[in-house]
Each structure stands twice: as structure tokens, then as C-alpha cells.
Amino acid sequence: MRPIDALVSSLPDGRVVTDPDVIDSYARDRTFVEPGKPLAAVLAGSRDDVVATLRWASEHRVPVVPRGAGTGLAGGATAGDGAVILSLARMDQIRELAPADEIAVAEPGVITADLDRAAREHGLMYAPDPSSYEISTIGGNLATNAGGLRCVKYGVTRDSALGLEVVLADGRILNTGRRTMKGVTGYDLTGLFVGSEGTLGVITAATVRLRPVPAAAPATFAAEFGSLRDAGAAVSAIMAAGCQPSLMELLDRATLEAIDDWRNIGLEAGTMAMLIGQSDASDGQAAAARMERLCLDNGATFVAVSSSPQETEELIGLRRMAYQAKERLGACLVEDVCVPRSVLPDMIGAIEAAAARHGVRICTVAHAGDGNLHPVFVFEHGTSEPPPEVWAAADEVFTRALELGGTLTGEHGVGVLKRRWLALETGPVAREVQHGIKAVFDPLNILNPGKAI
């Protein structure tokens with residue numbers, strides 16, 4: 001019997017896919033990275049399917065690449081030669097929603113926005129909301145420690161993860177964390193798995209924190225600036241003033257042009273950057289007014305404040321369509337450096353300088369309140385690898401981010417695309433410790449090999 005036949009016989013009918021054309025649709029994420037030729041794809045429908053797959057993979061020493069919806073932007077879900085893809089998209093049940101405890105237990109294939117909508121039926125919300133929240137899954141968000149538009153106030157995915165059910169590489173089941181809001185029994189294994197990009201175990205359920213929906217409709221403002229640096233300075237001023245926005249998003253001219261070409265938003269000639277901010281506090285209108293004044297003090301050419309739900313949705317929708325608009329321009333190398341908020345204007349200047357020096361189109365958006373910038377390097381469609389000038393510009397951006405006290409990735413993960421820069425941020429001791437942790441959880445190195453570390 002072939003090894004793959006043993007896998008097929010250990011799972012319910014239809015779980016294992018071997019048709020190369022079908023497998024290919026599961027082998028990619030949202031990057032330009034070309035996958036190898038995987039052996040098969042497992043469409044897991046339960047934790048037992050995951051257990052059986054990993055036991056088989058350990059026995060036969062076959063690499064396993066876990067994946068959710070494939071919305072990743074770092075190549076973390078791309079499959080290599082001879083690997084088995086483990087799709088968790090069918091594990092899409094909210095096992096429990098406990099309003100009194102403000103928690104939910106969700107399987108990894110639950111769409112992020114669906115969990116939020118289910119919580120809102122009880123006056124609660126699930127706070128993490130990456131731009132892809134309508135298509136990304138809870139499992140993928142956990143794997144990369146995704147952030148989102150509300151992370152400036154409510155934190156990233158790790159801040160909402162209380163406990164996990166994880167299947168280890170050999171098929172054992174590990175339960176981490178708890179249902180309580182705090183607890184320090186033993187090491188923080190939940191925090192270790194969040195952001196591990198599928199290299200330590202496969203998450204099959206998560207107990208997550210829910211939060212009360214704000215009592216009042218949020219107050220939202222949009223500010224236009226004649227320069228990107230002025231917009232960055234306004235963000236620094238707003239955060240330093242303690243305004244505590246619930247959303248603070250920055251879009252540069254190149255991004256606004258891409259959206260305008262697609263959706264005709266009426267972009268003004270002199271607008272070089274737009275800042276979209278929001279306060280969901282009880283004094284939201286007053287907070288938005290304070291942020292409006294700080295924008296004007298820092299060079300804004302126009303600011304408008306609104307509490308209209310329709311206008312708010314339109315502004316947030318504008319931000320969420322940014323990446324799709326850039327994909328229309330060409331292939332994209334999407335990065336997500338994060339720097340201390342006080343040096344945000346310097347990082348913005350470095351991105352602009354790198355684009356000009358190397359003749360590269362870079363469209364930048366940012367979760368500006370966190371200092372998390374997404375410079376998107378656009379190059380020709382159909383190119384399997386970014387051209388040398390794109391890599392050179394990216395080198396400058398990453399180097400400068402680290403010089404400013406920042407990090408290579410705020411929320412997308414390392415995947416395969418950022419591994420070339422890892423040594424710049426992690427020293428030899430950190431690398432040794434990380435590889436030691438990997439060896440404890442995955443001694444055969446079958447879980448998403450070649451990713452993250």
C-alpha cells in the first residue's frame with residue numbers, strides 16, 4: 001500500500017484530494033510565491049481528521065502545511081514539493097458563545113466577521129478586524145497574530161486569545177490557557193502558539209475574549225494633507241495627546257490614486273495623504289473634535305467629522321478596499337514594518353526616499369496609531385519574482401525600520417518572504433532558542449517547514 005493510500009483509508013470519504021488541479025488551488029496564498037507540487041490536500045472536517053493526518057504524517061515523515069482561507073501576505077501557507085496541505089476551512093463552527101462570560105469558542109475555519117456578527121447579537125463584539133475580515137479565518141488570524149483597524153485600541157489577536165485546542169505534530173492534543181480573563185499557571189503556551197505560523201502545532205479551536213459593543217455610534221473624521229509627513233506628524237500628535245482613538249488609518253497618495261482609478265472617489269489634486277480616525281468612547285464627538293484640531297495644527301488642508309453610520313461605513317470601506325485596488329496595478333510585495341509611533345514620520349520619509357531612489361512604485365497604508373506601516377511594492381503582473389530594484393528598496397525599508405527601533409513584521413508574519421531579513425532583527429541567542437522550541441514541539445520538522453524562523 002502506498003503511504004497516501006493509508007492516509008485516504010484513515011479519513012472519511014472525500015477528505016483527501018489528489019487531483020493536481022484541485023490541489024493547486026489550495027497550495028497558494030495571496031502572494032506571488034509559486035508553490036511546489038504537493039502530494040495531496042486534506043479537507044479536514046473535525047479535530048479527529050487533523051489528528052489522523054498528523055499521526056500519518058509523523059509516521060511517514062511527510063511535511064504538512066496548515067492553511068485557512070489563504071489570505072496570507074507572507075507566503076506562510078504556500079505548499080512545497082511532496083507536502084500534504086491541511087485545509088481547516090471546513091472546521092467552521094462556533095462551538096460556544098457565552099455572553100455572561102464574554103467569551104466564544106470557535107473552530108479555525110470560522111470567518112472573522114461571522115464571529116463578530118454572532119457576538120453582536122448579544123451586545124458584544126470580537127475586536128480583531130484585519131482588512132480581510134470578511135474572508136479571513138480565525139485560525140489564520142491566530143497563526144499570524146493578525147491585527148486590524150481596531151487594534152490601536154483593542155490590541156491584536158493575541159490580546160483576545162484566552163485558550164487553544166492544538167493538535168501537535170505527533171497527533172497528541174494539547175489544551176492551553178483557560179476561560180478566565182487572567183491566569184498565570186505555568187508558561188504562556190497560548191501566547192507561544194499565536195503567531196507561530198503553523199510551525200508548532202495545528203489549532204483546532206480557540207477560546208477568545210469578546211467585548212461589549214460601544215454604547216454610542218463612533219465619531220469618525222477624515223483629514224487630507226498636502227504631504228505624507230504632515231499626516232504622520234498629526235498621528236504622532238494625536239497619540240501623544242492621549243486621544244485614545246479606536247481607529248487611526250493612513251493612506252498615501254499612490255494608494256488613493258489606485259482607489260480613485262477603480263472607484264472614482266473624487267480625489268483632489270493636492271491631497272497627498274488621508275487620515276481616517278475614529279473614537280468609540282462615550283465622549284466620541286469631543287474626542288474626534290480634539291483630533292480634528294490636532295490635524296489642522298499639523299498641516300491638514302481639510303478635516304470633516306461625522307457620526308453618520310453611512311458616512312462611517314463609506315470611510316472604513318475606502319480603507320478596506322486599498323489592497324484590492326493595488327492588486328489591479330500589478331503583482332504586490334506587501335510588507336508590514338512597525339516602528340515606535342514617535343518616529344512614524346521618519347519611517348514614512350524613508351519609504352518615500354527608497355521609492356524615489358530605486359524608481360519603484362510603493363503604495364503605503366498604515367495602522368498609523370500603532371506605527372504599523374504597510375508599504376506595498378508594486379511590480380509587473382506575471383512576474384514570478386520581484387525585480388532587483390524592488391528587493392533593493394525593500395532592503396532599505398526594513399533596515400531603516402530596525403534602525404528606528406522597529407520590527408520586520410507587525411501582523412503578517414515572516415512566512416517565506418521575510419526570512420531573508422530575519423538575522424537583522426534576531427540575534428544568534430534568540431535564533432538558537434527559537435529552533436530549540438521548534439524541536440520540542442516538532443522534532444521531525446514536518447509542520448510548515450521553512451517558514452517563520
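The largest nonpolar core of this predicted model has 55 residues, and Ile238, Leu275, Cys295 and Met347 are the ones with the most contacts inside it.

**Around the cores**

- Leucine 275 is one of the residues with the most contacts inside the largest core. Leaving out neighbours within four places in sequence, the contacts of leucine 275 include Phe221, Ala222, Ala223 and Phe225, then Ala231, Ala234, Val235 and Ile238.
- The contact list of leucine 275 also holds Met248, Glu249, Leu250 and Cys295. Two of these partners, Ile238 and Cys295, are themselves named among the residues with the most contacts in the largest core.

**Helix pair α8 and α10**

- Helix α8 covers residues 228-240 and helix α10 covers residues 284-297; their axes are 9 Å apart and the packing angle is about 140 degrees. That angle makes α8 oblique to α10, and the crossing of the two is right-handed.
- On the α8 side the contact is made by Ala234, Ala237 and Ile238, and on the α10 side by Met291, Leu294 and Cys295. By class, this contact has six nonpolar residues, with no polar and no charged ones.

**Helix pair α13 and α14**

- Helix α13 (residues 344-358) packs with helix α14 (residues 388-403) at an angle of about 160 degrees, and their axes lie 9 Å apart. The two are therefore roughly antiparallel, and they cross in a right-handed way.
- From α13, the residues in contact are Met347, Ala350, Ile351, Ala354, Arg357 and His358. They meet Glu389, Ala392, Ala393, Glu396, Val397, Arg400 and Ala401 of α14.
- Sorted by class, the contact of α13 with α14 has eight nonpolar residues, one polar and four charged. Met347, on the α13 side, is also among the residues with the most contacts in the largest core.

**A buried lysine**

- Lysine 438 sits in helix α16, which spans residues 428-441. With a relative accessible area of 9%, lysine 438 counts as buried because that value is under 20%.

**Aspartate 260 in helix α9**

- Aspartate 260 belongs to helix α9, residues 253-263. Beyond its neighbours within four places in sequence, aspartate 260 is in contact with Ile265, Gly266 and Leu267.
- Aspartate 260 and leucine 318 are 58 residues apart along the chain, and their C-alpha atoms are separated by 9.9 Å.

**Positive phi outside glycine**

- Arginine 61 is not a glycine, yet its phi is positive, at about 55 degrees. Arginine 61 is found in the loop between α3 (47-60) and β3 (64-67), and its relative accessible area of 61% makes it exposed.
- Asparagine 264 likewise has a positive phi, near 50 degrees, in a residue other than glycine. Asparagine 264 lies in the loop between α9 and β14 (273-279), and it counts as exposed at 64% relative accessibility.

Terms used
Residues are numbered from 1 along each chain as its sequence is written. This is a predicted model: local features need pLDDT of at least 70, side-chain atom pairs count only at pLDDT 80 or more; totals for chains, interfaces and linings use all residues. Side-chain values use heavy atoms; hydrogens and water are left out. A nonpolar core is a set of buried Ala, Val, Leu, Ile, Met, Phe, Trp, Tyr and Cys residues joined through side-chain atoms within 4.5 Å. Buried means under 20% relative accessible area, exposed over 50%, partly exposed in between (1.4 Å probe, protein chains only). Contact means heavy atoms within 4.5 Å. Helices (H or I, at least four residues) and strands (E, at least two) are DSSP runs, numbered from the N terminus. Axes are lines fitted to C-alpha atoms, for helices over the stretch in contact, and angles run from 0 to 180 degrees between N-to-C directions. Angles under 35 degrees count as roughly parallel, over 145 as roughly antiparallel, 65 to 115 as roughly perpendicular and the rest as oblique. A crossing is left-handed if the near helix is turned anticlockwise from the far one by less than a right angle, and right-handed if clockwise. Ala, Val, Leu, Ile, Met, Phe, Trp, Tyr, Cys and Pro count as nonpolar, Asp, Glu, Lys and Arg as charged, and the others, Gly among them, as polar.
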